[in-house]
Amino acid sequence: MSRDFGGHGVQVVGGSNPPCPTKKPFLLMSRLLALTASLFLLTRAAAVERVLVFDDVKKTDLQANFQSDCVATQPPANFQKLQRVPTKTNAFFLYFDPTLIEPARFGKFFDYTFYIAVAGANPPVWYSCGTQVYTQGAFLDRSETAHFTVRIGDAVDDGALDVPLHSIASRDFIEIASVTKPAKVDLSQAAGIELSLHSLLPDQDLLVEPSVQATASHPGYWVSTSDVKLHDAASKDVIRIHPGDTSLVRLQLEPKKLPTLLATLGSVKPDAAHETVTAVISYRSDLGGVLRTKPVNIVVRFVPSLISLIVALFAGSLLGTLAAQFLPGTWKGFKPMAHRAARGIVFSFVAELFAMFLVALGSKFVILQFDLDPWQFLPVFFIGFAVSGGKEVLSYIGLVKQQKAEAENA
Amino acid sequence: MKRIVRVIVIALAGLAVAIAASNGPIAMDWHKGGHLYVLLKNGSVSVLDEITKRKLATIPSRFGVVPVEIFSARLKEREYVFVSGFWGRSGAVWQYTAEGQPYARFETPEQAASFDIDPDRHLLYIASPVTNVVYAIDLNQNGSSAKRVAYIREAEAVGPVIFDRGRNRVILGDTGRGTLYDVDVKNGTYQQIASDLGRPISLGIDAAYKTLFLADYMTGSIHIFRLEKGAFKKAEAIPTGLRNLSAVTLGPDDTLFVGDGVGAYQLSLKTKKLSRFAY
C-alpha cells in the first residue's frame, strides 16, 4: 500500500497550463526538481511504511489485522501521560492512548494512533502511526496482546502490548432485566422502574448512555415517554459498569396517578401486568467501542400508594357495614351501626395487615378462592367489604353459598 | 475586578469553543435551489441559508445512532433531506422534509451508511463497508428493499458514495486502500479510476457533473477530478491544512463547503482560501 504521505502542502497540477517555449530551461529544471522530490517522497513513503508492523491477532473467536501508516512527527504534548511500551532491547518506545480509539466514520474498522520514539535520540525522533484495525469473529470486546515490530533505518526491535479490540458483530454486551418481575411501579413516588444492567464484557468497562428511548403500550398512563433517562446513584453522566458487574439503575418514568390507579382495577392477581414498556438502551464498550442498542420489554405492575389503600379499605369497610344494615331485620339504629362500622374498620385494618404480612412472607392470600394481592386497590376494598359486611352480606350476595356448594360437591 | 471579568469572559469563550468543537460538522450537502445542510457529530442537522449562513432550522438527532452521511434532493417538486447512520452492524437512512419532519426510514444491510440519491429514478445508492457491496433502494417502497448493484472485489472498506447523474454512474471511495471506483449501475461493472488518495472521506460533484471533489482525511487535501473523455481524471489537489477533513460539497459561486469535525468552512476555488462560518 503506497500513499501520499507528504500530502500537506503538496499540490499536483496536471497539464492545466500550456508549456511556454520561452521558459523551457526553467521548465526542464522544474520537472527535474519535481521528479527528484517525487522520488524522495516515494522513498520516504516506502521507508515509513515499515516503521510499525503488527502481527495479526489470531484466536479461536477473534482475528485482528492492523494496518499502520507512520509519518515523522514532533513528540505529542502529553506523551508522559500515554501508555508506554518498550521494545525488547529498549531500542524504541511505543506510546499509545487507548482513549483515542474510535470507530471509522463509515464503520467496519477502528482507528488507533500509536507513537514510536527512538530511545535516546537527540534531537528526539518520533513517528505518529495512524492504524486501521480490522476485527472479525464472534468475540465480545476485549483486550488482547498484540506483537509488533519497529524498524527505523537499520535498527529493528519488537515488543508486545495489550490493546483493546472491538467488534462490529451484532452481539449484545449487556443483559437488562427488571429487578422484580413484573416490575413494580410505586404510585406514591416518582421512583420509576428499577432495572439491573449486567455487563458481559470480560475486561472492558461498559458505558451506558443515560438517555433512553421509551415506548409504552398505554402512553396515557405516563406523564411523558419522551426524554426518559436512566438514573444511577453513582453517576450523573454516562453509567459505567465494570467488567462482569451488575448495576442497578432506575428508568425515570413518572406514572399518572389516576389513570394508573384505574388500571389496577382491571387485574387483581398478584402477578398480573398492568402495562408493558419497551425501553431501548444505548451503550458501548469503553475505549472506542461501537455504539449499540438493546431493546428490553418491561412488564409493569402499578402499586397504589398507601393512602389509596387506606381509602380503599375505609370505603370497602363502610360499604360492607352499610350493606349489612340493609339486610332484612338488621337495622337497629344509627348508634349500633356506627359501632359496627368502627368495629369493621378495625377488623378490616387487622385483616389487611395480616394479608400484607402473609404475602410478604411468600404466602398467598386467598379469599373465596380468589388469590388476592393486598397491595392493590380492589382487593383491599374487597377485604374491607367482606370483613365489615360479614357472613350475612356475603351469603346474601351468594358468595358463601357458592363456596359451601362447591365444598359439598368436592 | 476588570481582570476577574476578563478571566470569566475568556473562560466562557473557551468553553463555548470547546462545546462547538465537540459537536462539529462531519458531513455537509448543498445543491442549487436548496439550503446548506450540516450534519453534526451528535447526529443533529443544522439547516443554514447557503449565502448568509443564518440558521433556518435544526433537525434533532436520532437516538442511539452513529451519524454518517447527509444528502438533500428534490423529489416530485419537494425538497427532502436524507441522513444516515449505524448502530452495531445495523444501518439506516432517514428521510426528512426540508422543515425537518420525519418522512420515511430505510433499513440498510451490513452497516451500510454511505449513500447518495438518484432523484430521477427515486433510488438510494448505498454502500456497505463490511461487504463492499453497492445496493440500490427504491425510495417509493417502504421498509427494506435493498437490491445488489455491484460488488467491489478489491475494496477493503468502501466509504463515500456519490451518484453521477450525467453518466448514470456511482463513484465510490475506498477508505481502506485509498482508491476511487467508478461503478456502472446498469450492469454492476466497475473500474478503479484513482489510487493513492489517502483516506477518501467525502465526495462532491458540480452541477454539470464534470468536476468531482474528494476530501482526503489523511492529508487534509481536496482532490479535484475533471471529466475527460467520459472518465474522471485527477487534475489537482488543494491542501486545506485541516487536520481531520471530513466533508466536502459544492457551494455557490465557485466555492466548496468543507468541514473537519471542528469547524465549517467555505473554500474559494479561485483563491484557495478558507473562510470559517458558524453552524
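**Close-up views of a predicted model**

**View 1. Buried residues of helix 2 of chain A.** In helix 2 (residues 257-265) of chain A, the buried residues are A:Thr260, A:Ala263 and A:Thr264. Around the axis they cover an arc of only 100°, so they lie on the same side of helix 2 of chain A. The structure shown here and in the other views is a predicted model.

**View 2. Helix 3 and helix 4 of chain A.** Two packed helices are described by the angle between their axes and the distance between the axes. For helix 3 (residues 306-325) and helix 4 (residues 334-360) of chain A, the axes come within 9 Å and cross at roughly 135°. An angle counts as roughly antiparallel over 145 degrees and as roughly perpendicular from 65 to 115 degrees; helix 3 of chain A and helix 4 of chain A are therefore oblique to each other. Their crossing is right-handed. On the side of helix 3 of chain A, the contact is made by A:Leu313, A:Phe314, A:Gly316, A:Ser317, A:Leu318, A:Gly320, A:Thr321 and A:Gln325. These residues meet A:Met337, A:Arg340, A:Ala341, A:Gly344, A:Ile345, A:Ser348, A:Phe349 and A:Glu352 in helix 4 of chain A. Sorted by class, the contact of helix 3 with helix 4 of chain A has 7 nonpolar, 7 polar and 2 charged residues.

**View 3. Helix 4 and helix 5 of chain A.** Helix 4 of chain A also packs with helix 5 of chain A, at an angle of about 130° and with the axes 8 Å apart. These two helices of chain A are therefore oblique to each other, and helix 4 passes helix 5 in a right-handed crossing. From helix 4 of chain A, the residues in this contact are A:Gly344, A:Phe347, A:Ser348, A:Ala351, A:Glu352 and A:Ala355. They meet A:Val380, A:Ile383, A:Gly384, A:Val387 and A:Ser388 in helix 5 of chain A. By class, the contact of helix 4 with helix 5 of chain A has 6 nonpolar, 4 polar and 1 charged residues.

**View 4. Chain A as the setting of these helices.** Chain A holds 6 helices and 21 strands. Of its 410 residues, 34% are buried. Among the contacts in chain A with a separation of 6 or more, 67% join residues 24 or more positions apart.

**View 5. The surroundings of B:Ile137.** B:Ile137 lies in strand 11 (residues 133-138) of chain B. Because 24 other C-beta atoms lie within 10 Å, B:Ile137 is buried. Not counting residues up to four places away in sequence, B:Ile137 touches B:Phe106, B:Leu123, B:Leu124, B:Ile126, B:Ser145 and B:Ala146. B:Leu48 is 89 residues from B:Ile137 in sequence, and the two are 28 Å apart in space, C-alpha to C-alpha.

**View 6. The contact between chain B and chain A.** Here 33 residues of chain B are in contact with 32 residues of chain A. Strand 5 (66-75), strand 6 (78-87) and strand 20 (231-239) of chain B each supply at least two residues of the side of chain B that touches chain A. Strand 20 of chain B provides the largest share of that side, 5 residues. By class, the residues of the side of chain B that touches chain A divide into 14 nonpolar, 13 polar and 6 charged.

Conventions:
Residues are numbered from 1 along each chain as its sequence is written. Chains are lettered from A and ligands numbered from 1 in the order in which they are written. This is a predicted model: local features need pLDDT of at least 70, side-chain atom pairs count only at pLDDT 80 or more; totals for chains, interfaces and linings use all residues. Two residues are in contact if their C-beta atoms, placed from the backbone, lie within 7 Å. Helices (H or I, at least four residues) and strands (E, at least two) are DSSP runs, numbered from the N terminus. Ala, Val, Leu, Ile, Met, Phe, Trp, Tyr, Cys and Pro count as nonpolar, Asp, Glu, Lys and Arg as charged, and the others, Gly among them, as polar. A residue is buried if 20 or more other C-beta atoms lie within 10 Å of its own, exposed if 12 or fewer, and partly exposed in between; C-beta atoms are placed from the backbone. The arc is that of the directions from the helix axis to the C-beta atoms. Axes are lines fitted to C-alpha atoms, for helices over the stretch in contact, and angles run from 0 to 180 degrees between N-to-C directions. Angles under 35 degrees count as roughly parallel, over 145 as roughly antiparallel, 65 to 115 as roughly perpendicular and the rest as oblique. A crossing is left-handed if the near helix is turned anticlockwise from the far one by less than a right angle, and right-handed if clockwise.
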